[in-house]
Amino acid sequence: MSTQGKPRVLLMHPILDPGPAILAEAAEVVPYPPDRPLDEASIRSHAEGCTGIVSQVMDPIRETVLSTPGLKVVSNVAVGFDNIDVAAATAHKVMVTNTPGVLDDTTADFAFTLLMATARRVVEADYFTRQGQFRGWAIDMMLGTDIYGATLGIIGIGRIGRGVAHRAKGFNMRVLYYDPNPLTREAEQQLGSERVDLARLLVESDFVSVHVPLTEQTHHLLSTQQFGQMKHSAILINTSRGPVIDEAALVEALNARKIAGAGLDVYEREPAVHPGLIPLANVILAPHIASASVRTRSEMSAMAARNMATAVRGGRPPNLLNPEVKR
Ligand code: GLV
């Protein structure tokens with residue numbers, strides 16, 4: 001509790017309006033100094049005396065932080081929460097919340113943007129034109145891959161995966177999906193998608209788009225063996241989490257032309273990007289911006305602030321990931 005009588009909340013990074021006002025109504029907000037490292041020891045030292053932490057995907061919130069006396073809630077401004085050890089939070093009776101739902105369409109839009117831009121070499125073509133290399137129409141200039149009518153393999157058919165399948169319908173794509181949890185028959189029919197095992201999805205798809213959370217089961221889900229199963233002409237899209245893909249194996253597969261290209265928004269060791277990806281013209285590299293529209297990032301900020309405000313006032317936050325803490 002602070003001198004103002006409001007609980008203290010550590011804000012790891014600035015958030016967008018209306019998040020700050022929602023937070024300030026409920027708490028005394030303590031900004032994390034931007035020059036401090038994002039390691040657990042430093043976060044812990046700033047979390048002392050705080051009831052809550054508003055975190056983002058780059059903040060490691062694990063045992064050292066979660067065992068801070070008096071800490072009651074961590075509100076992550078993201079749908080993914082692999083940066084937080086939820087089991088340790090539950091053990092310490094710390095609530096954890098995230099921001100599901102509001103970013104699905106924006107993220108699905110961006111997965112499709114990367115798919116189209118990689119297939120049709122948009123970034124490469126832009127450089128080419130800017131550098132004055134366009135000297136007239138040529139029959140063989142910047143040839144790409146057709147999207148319309150192609151086969152799309154979706155790994156993970158949660159809200160975002162379904163959003164991608166929905167967009168693919170407009171491009172008359174054949175949609176395959178792999179997910180341990182099948183859709184209902186009606187949902188499959190509505191999305192025009194067929195459930196297959198991972199090997200078949202990899203063998204038959206022209207595009208493979210990844211939409212799974214990062215867990216022990218999905219770590220390096222795609223590695224050397226899986227790239228070997230893909231078509232030489234296939235393009236891989238990742239807007240989920242970097243470590244789902246073995247990045248070194250991906251670099252090797254791209255160099256060996258085992259697959260044709262990749263559109264990536266996430267990396268194994270963010271913000272570092274595997275140096276082997278940098279020189280590759282058949283790869284588009286984005287800086288983890290799939291949910292970055294003005295509206296969606298504002299909604300995520302508001303949602304995270306509301307989760308925090310509800311929790312510090314003693315209520316049950318709407319997007320509680322470990323309900324067993326709040327009986
Ligand atoms: C962003 O990566 C998120 O999980 O919301």
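Q: In this predicted model, over how many bridges do strand E1 and strand E3 pair?
A: The model is a predicted one, and in it strand E1 covers residues 8-11 while strand E3 covers residues 52-55. Within this pairing, Val-9 has Gly-52 of E3 as its bridge partner. The two strands run in the parallel sense, and the number of bridges between them is 3.

Q: What is the order of the strands in the open sheet of 5 strands?
A: The pairing in this sheet is parallel, and its edges are formed by strand E2 (28-31) and strand E5 (95-97), each of which pairs on one side only. Neighbouring strands are turned against each other by 20° on average, with direction ignored. Read across the sheet, the order is E2-E1-E3-E4-E5.

Q: Which helix packs on the sheet that holds E1, E3, E4 and E5?
A: The helix in question spans residues 294-312 and touches E1, E3, strand E4 (73-76) and E5. Its direction makes about 170° with that of E4. The helix is H12.

Q: Are H1 and H12 roughly parallel or roughly antiparallel to each other?
A: The axes of helix H1 (residues 19-26) and H12 come within 8 Å and cross at roughly 5°. The contact is made by Gly-19, Ile-22, Leu-23 and Ala-26 on the H1 side, and on the H12 side by residues including Ser-301, Ala-305, Met-308 and Val-312. Angles under 35 degrees count as roughly parallel, and H1 and H12 are therefore roughly parallel.

Q: What is the order of the strands in the open sheet of 7 strands?
A: The edge strands here are strand E8 (193-195) and E12, each pairing on one side only, and the twist from one strand to the next averages 20°. With parallel pairing, the order is E8-E7-E6-E9-E10-E11-E12.

Q: Which residue in E10 stands opposite Val-208?
A: Strand E9 (residues 207-210) pairs with E10 in the parallel sense over 4 bridges. Val-208 is placed within this pairing, and the residue of E10 that stands opposite is Leu-236.

Q: Are the residues on the two faces of strand E10 buried or exposed?
A: Strand E10 takes in residues 235-238, with Ile-235 and Ile-237 on one side and Leu-236 and Asn-238 on the other. A residue counts as buried under 20% relative accessible area. Both faces of the strand are covered, and the four residues named are all buried.

Q: Which residue is joined to Glu-270 by a cis peptide bond?
A: Most peptide bonds are trans, whereas the bond at Glu-270 is cis, with omega about 5°. Another cis bond runs from Asp-17 to Pro-18, with omega near 5°, and Pro-18 is found in the loop between E1 and H1.

Q: What is the relative accessible area of Arg-121?
A: Arg-121 is in the loop between helix H5 (104-119) and helix H6 (122-130), and has a positive phi of about 55° although it is not a glycine. Most residues other than glycine have a negative phi. Arg-121 counts as partly exposed, with a relative accessible area of 25%.

Q: What is the relative accessible area of Asn-172?
A: Asn-172 is found in the loop between helix H7 (159-169) and strand E7 (174-178). Asn-172 is not a glycine, yet it has a positive phi of about 50°. Asn-172 is partly exposed, its relative accessible area being 46%.

Q: What is the radius of gyration of the chain?
A: The chain has 12 helices and 12 strands. The globule rule gives 20 Å for 327 residues, and the value for the chain is close to this, so the chain is as compact as a globular protein of that length. Along its principal axes the C-alpha trace spans about 70 × 50 × 35 Å, and the radius of gyration is 22 Å.

Definitions and conventions:
Residues are numbered from 1 along each chain as its sequence is written. This is a predicted model: local features need pLDDT of at least 70, side-chain atom pairs count only at pLDDT 80 or more; totals for chains, interfaces and linings use all residues. Side-chain values use heavy atoms; hydrogens and water are left out. Two strands pair if DSSP finds at least two bridges between them. Axes are lines fitted to C-alpha atoms, for helices over the stretch in contact, and angles run from 0 to 180 degrees between N-to-C directions. Contact means heavy atoms within 4.5 Å. The radius of gyration is taken over C-alpha atoms; the globule rule is 2.2 Å times the number of residues to the power 0.38. Angles under 35 degrees count as roughly parallel, over 145 as roughly antiparallel, 65 to 115 as roughly perpendicular and the rest as oblique. Buried means under 20% relative accessible area, exposed over 50%, partly exposed in between (1.4 Å probe, protein chains only).
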